[in-house]
Amino acid sequence: MLVKLRRKVSKLIRRLSRPKQRLSAVSPPAVSAMSPPRSAADSSPFLFPRIQSTVLPDPSPFFSPDLLSAPLPTNSFFQNFVLKNGDQPEYIHPYLIKSSKSSLTVCYPSLVDNSVFFYQVFVADLTISSLNNQNPYARHAISSFSDLSVTLDLPSSNLRFFLVRGSPFLTCNVMSTVMLSISTVHAILELTPNSSYTKYTIKLNNNQTWLLYASSSISLSNDVNTITSSEFCGVIRIAALPDDNPNTEHVLDRFSSCYPVSGNAAFSRSFCLEYKWEKRGWGDLLMLAHPVHLQLLSDLDCSDSVLENFKYKSIDGELVGVIGDSWILKSDPITITWHSVKGISEGSFSEIIDSLLDDVQSLDPSTITTSSSYFYGKWIARAARLALIAEEICFPDVIPNIRNFLKATIEPWLDETFGGNGFLYESKWGGLVTKQGSLDSGADFGFGLYNDHHYHIGYFIYAISVLAKIDTAWGRKYKPQAYSLVADYMNLKRGANSNYTRLRCFDLWKLHSWAGGLTEFTDGRNQESTSEALNAYYSAALMGLAYGDSHLVHVGSTLSALEIQAAQTWWHVKKGDTIYPEQFSRENRIVGVLWGNKRDSALWFGPPDWRECRLGIQLLPILPISEFLFSDTEFVRQLVNWTLPALSRNGVGEGWKGFVYALQGVYDKEGALENIRSLHGHDDGNSLTNLLWWIHSREDDSEEHTSKSHKLCWFRHYCH
């Protein structure tokens with residue numbers, strides 16, 4: 001059949017010369033009336049077959065019993081606190097926090113950097129515990145958690161810590177009358193109270209100064225490295241003094257009486273996220289904003305006030321003081337479309353069609369030899385791209401073949417008939433695992449330990465969305481399975497009224513995803529590929545379009561925009577940027593793996609000098625939304641020029657070269673086309689057809705380039 005189709009090509013090209021209506025972008029969802037999540041009346045909840053995993057850790061030693069009946073977070077900012085012994089530190093801006101042996105240690109970290117990596121050093125600056133503890137080796141307990149905070153209890157010490165991200169204070173509720181111990185690895189040079197004994201200044205021999213505030217009078221005394229208190233019950237707040245500016249101490253004094261105990265984020269409307277903190281005490285709340293917050297904070301929608309001269313240092317850039325117990329964060333809108341944003345000139349159709357025929361002819365389910373959920377997902381998403389490209393270039397003849405391939409390859413995973421692997425539901429943490437991952441922690445790149453869920457499932461959701469679009473009857477039949485899959489990483493519900501934890505991978509404070517899962521890491525969670533994370537949220541939005549679910553479009557679009565903003569801030573290293581140390585910024589144009597407490601130029605699968613892989617892993621898969629991720633043409637030029645010398649290294653894969661040439665096409669269309677046409681192979685999730693589609697949908701070299709992505713977006717016309 002496909003051989004015969006070639007004979008139609010010349011006739012088709014001649015027809016294309018006649019005037020026709022250009023494919024339009026998908027109509028935007030109605031912003032004023034976002035539809036709610038599906039109700040039970042829409043379809044009964046679907047769960048994949050249940051299984052008891054043999055590799056998952058037991059959450060019960062660390063979570064309070066009332067939390068164990070609901071799904072639990074598996075990629076959270078406090079994950080180390082509930083793994084193994086629970087004694088590895090986590091970075092809760094601006095402090096590294098470690099809990100061990102009925103005590104909690106706070107560190108205001110310094111930075112160690114070189115041209116390859118940099119990280120924050122944990123030092124036990126202050127360790128808080130109670131004296132005369134009858135069970136000094138008792139574990140801590142997580143008594144509650146929210147989007148922006150976690151509450152950590154030391155039951156044997158009668159201490160409760162409200163660990164709220166971005167608070168310049170460490171807040172401790174001394175729940176019953178005890179005597180406190182505050183020790184340090186440094187020497188204590190001074191311990192000076194105010195006249196009411198509700199504030200103490202602690203000076204250490206490492207040039208640090210800490211301030212301690214108490215809700216009522218407290219008597220403190222010290223020796224060389226330990227401070228002890230009289231009996232006390234109430235609230236203690238501790239803050240590092242970040243600089244010698246006396247105004248900084250005045251600010252801390254002013255806001256010391258109001259403290260947050262929890263915080264949540266709400267998707268109030270498209271491309272907006274609203275923070276609200278629950279606070280106690282009196283006065284206004286003081287919090288810290290990281291660089292992406294500062295880019296997104298809206299002066300129009302919240303009563304916060306930015307204290308530009310009140311700053312803490314951080315591995316993520318300067319943290320700046322903001323007054324207010326609610327923030328509105330607004331991102332630039334982005335376009336969620338099935339096809340390219342700018343379109344493709346008809347003169348390019350012939351070359352794309354010729355490649356498309358070859359790629360479609362090679363589709364054969366029997367040739368997929370992998371049972372890996374990751375690589376299998378890439379294969380089916382690659383085929384789904386061909387269907388959408390065929391639509392865009394007005395060549396629907398091949399779509400039935402693609403549809404048949406997608407049905408044959410997707411259905412076994414949804415019907416639970418795929419012999420080598422499959423999705424299963426486990427209730428210990430509440431989420432999906434694979435057959436292989438439930439037995440082997442290393443299988444499917446750790447999917448059974450909740451690693452990389454948004455990557456793997458995102459590819460499946462993309463393929464399912466496309467198939468539901470081109471075969472609506474199929475989409476209706478498999479809608480329950482599709483929604484169960486996407487809920488694993490897109491669920492917004494809290495507590496026991498859901499089968500899945502809330503936004504499994506996305507960090508609502510950092511505003512990007514994590515991929516580490518239930519593995520203890522000294523440097524916290526990590527993420528390598530921002531583009532695969534973006535694919536997950538973009539694909540969820542496409543699924544919303546396929547099913548007419550404006551709520552899913554709204555959330556998927558907003559998460560996509562936030563992931564892009566974070567990637568451009570923390571993974572894309574532009575010349576002249578000052579967020580990162582000078583050595584690292586000078587030698588790198590893109591981060592390999594970003595950790596909570598570290599930045600590394602190496603990859604999980606390669607050393608720093610594999611620059612083509614570092615570029616490629618931040619671009620794949622190439623999609624219409626990739627245009628927004630790499631909207632800054634000048635940065636793209638810097639990145640490609642930094643990468644190109646690496647292509648002369650022996651053993652560089654053709655697939656990785658293809659991603660470099662794809663970005664070259666952003667500013668050098670003809671040069672990129674020449675390079676792409678010379679390739680002898682492609683990444684398993686990519687194709688020559690997709691590369692040609694990408695290049696031919698770029699602006700001509702003579703056209704004006706811009707780094708303003710909103711130029712491409714229809715959404716502004718609908719939201720104002």
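Residues are numbered from 1 along each chain as its sequence is written, and side-chain values use heavy atoms, with hydrogens and water left out. Since the model is predicted, local features need pLDDT of at least 70 and side-chain atom pairs count only at pLDDT 80 or more, while totals for chains, interfaces and linings use all residues.

Let's start with the rings. The structure holds 45 aromatic pairs, that is, rings of Phe, Tyr and Trp (its six-membered ring) with centres within 6.5 Å, called stacked with planes under 30 degrees apart, edge-to-face over 60 and tilted for the rest. Trp413 and Phe423 make a tilted pair, at 5.2 Å centre to centre and with 55 degrees between the planes. This pair links distant parts of the chain, with Trp413 in helix H6 (residues 399–414) and Phe423 in strand S22 (residues 423–426), 10 residues apart. Helices (H or I, at least four residues) and strands (E, at least two) are DSSP runs, numbered from the N terminus. Both Trp413 and Phe423 are buried, where buried means under 20% relative accessible area, exposed over 50% and partly exposed in between (1.4 Å probe, protein chains only). Trp413 and Phe423 also belong to one aromatic cluster, together with Phe46, Phe48, Tyr376, Phe418, Phe447 and Phe460.

Charges turn up over rings too, meaning NZ of Lys or CZ of Arg within 6 Å of the ring centre and within 35 degrees of the ring normal. Arg237 has its charged end over the ring of Phe169, 4.0 Å from the centre. Likewise, Arg698 lies over the face of Trp694, at 3.7 Å from the ring centre.

What about the cysteines? There are zero disulfides in the structure, a disulfide being a pair of cysteine sulfur atoms within 2.5 Å. For Cys172, the closest cysteine sulfur is that of Cys233, 11 Å away and so too far for a bond. Cys172 is buried, at 5% relative accessible area, and Cys613 counts as buried at 2%.

Finally, there is an open sheet of three strands in the order S16-S17-S21, with antiparallel pairing; strands pair if DSSP finds at least two bridges between them. Strands S16 (258–269) and S21 (326–330) stand at the edges with a single partner strand each, so one side of each has no neighbour in the sheet. S17 (residues 272–281) and S21 pair over five bridges, in the antiparallel sense. Glu274 has Ile328 in S21 as its bridge partner.
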